[in-house]
Amino acid sequence: MVLKYLFTSCLALIFAANSYAQPITAGVHTRVNTVYGPIEGYQDGSIFTFKGIQYAKADRFMPPEAPDKFTELRMCKLYGPQAPQTETLKWSGNTQTDYAFGNQFVLEPMDEKGCLVLNVWTPSINDNKRRPVFVWIHGGGYFSGSGHDLPCYEGRALAEAGDIVVVNLNHRLNILGYIDLTGLGGKYSKSVNLGMQDIVKALEWVRDNISRFGGDPQQVTIAGQSGGGGKVSTLLAMPSAKGLFKRAIVQSGSTLRQADPANTREAGIALTKELGLEPNGDADFSKFTYEELNAASARVFKGRRGGFSPVVDGVILPQHPFDPASPTCKDVPMLIGTDFNEFTFDISKDMTEEEAIAAVKKRMGDEQGEKFCKAFRKAYPNAAPKEMTYVDTGFRSGAVKQAAAKSAQGGAPAWLYLFTWKPESNALGASHGMELPFMLHNVSLQREMTGASAAAYEFEKVISSIWLSFIKTGNPNIEGLPKWEPYNAKTGVTMILDNKCYPLQHHDKELMEFARPLF
């Protein structure tokens, strides 16, 4: 058994090393003529890589437009800047946490004008093959993040493992991407959901250009985790995005409802006044720095409910995404799921059953706490007692409700998962984002999170295969996995994703009665 473990470990490490032990070249053979002009990337072993491709342009608080055409060759070998942002869970000097250590966030330059960029990884640009396309939308809520702020977001490994084209992107965030200025009228009549409009523009770029990168514009899957899952949920209800993708994956970000326009328009008017401007279509925001806009918004939103997020404006987003499910997503199959611990990032404290029950009762009260613990033990009879205090219910509740709403449409199916794998090397547990290195086939780039054990590399093969199966077929079932049925209200099937994967039916139904969706 020990020899088998050592052999497997060595194979995993050799594979991880060899996948990057290949030459990097550039030149004429790495050039592509996009519909906007010629660009040059580089070839990293078997994968052609293009970074920092401009997909749109936009003036401040204005909807995005197609980029200008160009004739001079552009180098696309470096990641472009991220959108300006201030709210972050990234590294913060001497207050480092296990969460920040595990995620190894990338600190990037920021630029308001230059952030509308995307990156492409593809196995070939000249074999006339049409591969499935995977478009990854980053998390960070609607406030922060980028297509490269986690090491595992790099698309090379998944493109190579699955023979697919991988795309990720940056878009406007926080006040620049989600302020609602439609109440000003005039030129601001479409100044709402700007960050979502950016993503649609990126998908339009994919539609118009991806065949030149070996991709099939008719086989696009959009996916996102956390805030990225919220953006995917929202895209599924946007008429302008209809037809730009065929499948969708929502990871720990199931969003049923978005903001009320009555509140967001009033906030946009209040912000305008706070800046000393007349609240009409002639207001000029260009003279303010990003920091000045942020400071004014902090004053305006102090004491208010809500913040910057997509809004049901009636045009760009006609209705709440999944309350009920929008008709625009009826024919789109979905993969939906969450992590077992989510925003618990330290599950190191062991407890007896009595201690765990006492902790829950202290939080919920004796009667409700007693019921919660019984419901937990019914759902997870073999779980450690401490898990009673660490189990997520909010994200999970939203995912179940989203899957149910999708199923109720009677259209394309939705498959539901619960990721329960925990690293042995740290106390992060199955926390928010733990599935990312596995589904993106990048355990080797997020070793601090996963522990880079032999078990982690073996599990990576399973999880990335599930995602690749869905990307290619719209069905996550793979050989060697128990049959995974789509979710419906009657059976309530959830696939547990762990070293051993298995389906359960309505296993935590009673536990979910104590929860409500977070979004």
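1. Let's start with strand β5 (residues 47–54), which pairs with β7 in the antiparallel sense over five bridges. Pairing here takes at least two DSSP bridges between two strands, and strands (E, at least two residues) and helices (H or I, at least four) are DSSP runs numbered from the N terminus. Within this pair, T49 stands opposite W121 in β7.

2. A word on provenance: this is a predicted model, in which local features need pLDDT of at least 70 and side-chain atom pairs count only at pLDDT 80 or more, while totals for chains, interfaces and linings use all residues. Residues are numbered from 1 along each chain as its sequence is written, and side-chain values use heavy atoms, with hydrogens and water left out.

3. Back to β7 (residues 117–122). Its other listed partner is strand β9 (residues 165–169), again antiparallel, over four bridges, with L118 standing opposite L169. Six of the six residues of β7 are buried, meaning under 20% relative accessible area with a 1.4 Å probe and protein chains only (exposed is over 50%, partly exposed in between). Both faces are covered: V117, N119 and W121 on one side, L118, V120 and T122 on the other.

4. On to the cores. A nonpolar core is a set of buried Ala, Val, Leu, Ile, Met, Phe, Trp, Tyr and Cys residues joined through side-chain atoms within 4.5 Å. The largest one has 89 residues, and V120, W205, L235 and F245 have the most contacts inside it. Helix α5 (residues 194–209) gives the largest share of this core, seven residues. Apart from it lies another core, of 64 residues, F345, F372, A375 and L511 among them.

5. What does F245 touch, leaving aside neighbours within four places in sequence? Its contacts (heavy atoms within 4.5 Å) are L203, V220, I222, L235, L236 and V332.

6. There is also an open three-stranded sheet, ordered β2-β3-β6, with mixed pairing. β2 (31–33) and β6 (74–75) are the edge strands, each pairing on one side only. β2 and β3 (residues 38–40) run antiparallel over three bridges, and R31 stands opposite E40 in β3.

7. Finally, the second largest pocket. Its lining has 14 residues, with Y380, A383, T420, D498 and Y502 nearest the centre. By class, the lining divides into eight nonpolar, two polar and four charged residues; Ala, Val, Leu, Ile, Met, Phe, Trp, Tyr, Cys and Pro count as nonpolar, Asp, Glu, Lys and Arg as charged, and the others, Gly among them, as polar. A pocket here is an open set of points on a 1 Å grid over the protein atoms alone, where a 1.4 Å probe fits, with protein on both sides within 12 Å along at least five of seven lines; lining residues have an atom within 4 Å of a point.
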